[in-house]
Amino acid sequence: MAYQTFQQEYLQIPVVTRTYTTACVLTTAAVQLELITPFQLYFNPELILKHYQIWRLVTNFLFFGPVGFNFLFNMIFLYRYCRMLEEGSFRGRTADFVFMFLFGGLLMTIFGMFVSLVFLGQAFTIMLVYVWSRRNPNVRMNFFGLLNFQAPFLPWVLMGFSLLLGNSIIVDLLGIAVGHVYFFLEDVFPNQPGGSRWLRTPSFLKMLFDTPEEDPNYNPLPEERPGGFPWGEGQRLGG
């Protein structure tokens, strides 16, 4: 019974969020069990270009370090904000969401070559948080019960938290930068006088991922409710 309940809950998670978070957990488990090592996963342009280790373009986004506080913190944020985006502003637009993943991943890979980052998963999480926060500007957040602020400040609060933990803020800045590029090109520039839409989801992605019908029994997680954890709770102003 417990297994069936878990299976049902697991299959309720939208496909992109389910696939990405599962891949991250399985990759970390494989490292913990010493089936693979981080040296086989990290981003290395020389190994990719000269030795054709193409998988590194993907695996460097899947490993968040050994199981511990940092891993759990990143997984919770990745799951929550990825799911809220997919069930919110990307509801019924799976192909567009996948295209955002590809665009963000490509941009981070290019930037990562210049800042010598070997794992980009945390930056990718910050990108998702940034896009969600800019699309939900009126949501009030509460961070660890200490800080109250509106959603657009969340990526910067997370960067400050990383700084307090002694981590490099380059990763957070990269995620914020890529998130802002996507948000500007997708949400801001097309609505400016003389602006146009530069980001267009390829038709083959739409054929692969978008379906004309939705499950009427599907119960989405409201995008504007990022609560459930004391470091990410929020409510919409006036709600």
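Predicted model: local features only at pLDDT ≥ 70, side-chain atom pairs only at ≥ 80, totals over all residues.

Q: What describes a pair of aromatic rings?

A: Two quantities describe such a pair, namely the distance of the centres and the angle of the planes. In this structure there are 16 aromatic pairs. One of them joins F90 and F97, whose rings are 4.9 Å apart, centre to centre, with 40 degrees between the planes, and this pair is tilted.

Q: Are F90 and F97 buried or exposed?

A: F90 counts as buried because its relative accessibility is 1%, and F97, with a relative accessible area of 0%, is buried as well; the cut-off for buried is under 20% relative accessible area.

Q: Which parts does the pair of F103 and Y182 tie together?

A: F103 and Y182 form a tilted pair, at 6.2 Å centre to centre and with 50 degrees between the planes. Because F103 belongs to helix α6 (residues 94-115) and Y182 to helix α9 (residues 170-188), the pair ties together parts that are 79 residues apart in sequence. F103 counts as buried at 17% relative accessibility, and Y182 is buried with a relative accessible area of 2%.

Q: Which residues form one aromatic cluster?

A: That cluster is formed by Y20, F61, F90, F97, F101 and F124, so the tilted pair of F90 and F97, with F97 buried at a relative accessible area of 0%, can be looked for there.

Terms used: Residues numbered from 1 in each chain as written. Heavy atoms only, no water. Phe/Tyr/Trp six-rings, centres within 6.5 Å; stacked < 30°, edge-to-face > 60°. Buried < 20%, exposed > 50% of the residue type's maximum accessible area, 1.4 Å probe, protein only. Helix = DSSP H or I, 4+ residues; strand = E, 2+ residues; numbered from the N terminus.
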